[in-house]
Amino acid sequence: MTAQTCPRQHQRTTMEIASLEPSLYTVKAVFILDNDGNRLLSKYYDTELYPSMKEQKNFEKNVFNKTHKADNEIAFVEGMTIVYKCSIDLFFYVVGSAQENELMLMAVLNCLFESLSQILRKNVERRCLLDNMDGVFLVVDEIIDGGVILESDPQQVIQKVNYRADENPLSEQSVAQIMQSAKEQIKWSILK
């Protein structure tokens, strides 16, 4: 019997050790809620964690209920490490596993908040955030990709997001110019 239990014990300790090994996949989820706990943005990077929309929203409600009146920056909910920040009528959350380094998660949260603050011209509130959702998604995508932290410097994120925005050949001004040019061409073709 001891010969049979030894390999199993060894296998279990190997699996336990593997789960504690450092991983690049540090962020499990990022979400932004309004002051009523309603989702404005969410990205879940671990699909096994909360696979359905219903489970995600239940988790977010649970997190919001435990954090919206608290005066902390970190919480442990449902076996997850959560760092969060409040601004006017928004709550920003970054979620990692229970073993995740809180300082790494806080660096992501601070980068997200500072980047959005610059993009929104220091007006980090619900209405302004909703009016600029495309930029918000760009910021999140520049900071985290598939749960891997790519950037934690807000200046670098802003620089990359601005480059991407400049890269788009159909900005609002050029669309207006194209429309005006098309109108003039139609006008000239009718006059001929």
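Trainee: Which residues does Val 157 touch, not counting residues up to four places away in sequence?

Mentor: Contact means heavy atoms within 4.5 Å. By that criterion, Val 157 touches Cys 111, Ser 115, Val 139, Glu 142, Ile 143 and Glu 151. This is a predicted model, in which local features need pLDDT of at least 70 and side-chain atom pairs count only at pLDDT 80 or more, while totals for chains, interfaces and linings use all residues. Residues are numbered from 1 along each chain as its sequence is written, and side-chain values use heavy atoms, with hydrogens and water left out.

Trainee: Is Val 157 buried or exposed?

Mentor: Buried means under 20% relative accessible area, exposed over 50%, and partly exposed in between (1.4 Å probe, protein chains only). Val 157 is buried because its relative accessibility is 0%. Cys 111, one of its contacts, is also buried, at 1%. Cys 86, at 45%, counts as partly exposed.

Trainee: How many disulfides does a search of the whole structure find?

Mentor: A disulfide is a pair of cysteine sulfur atoms within 2.5 Å. The search finds zero.

Trainee: In what order do the five strands of the open sheet lie?

Mentor: Strands (E, at least two residues) and helices (H or I, at least four) are DSSP runs numbered from the N terminus, and two strands pair if DSSP finds at least two bridges between them. Here the order is 2-1-5-4-3, with antiparallel pairing. Strand 2 (39-44) and strand 3 (74-77) are the edges, each pairing on one side only.
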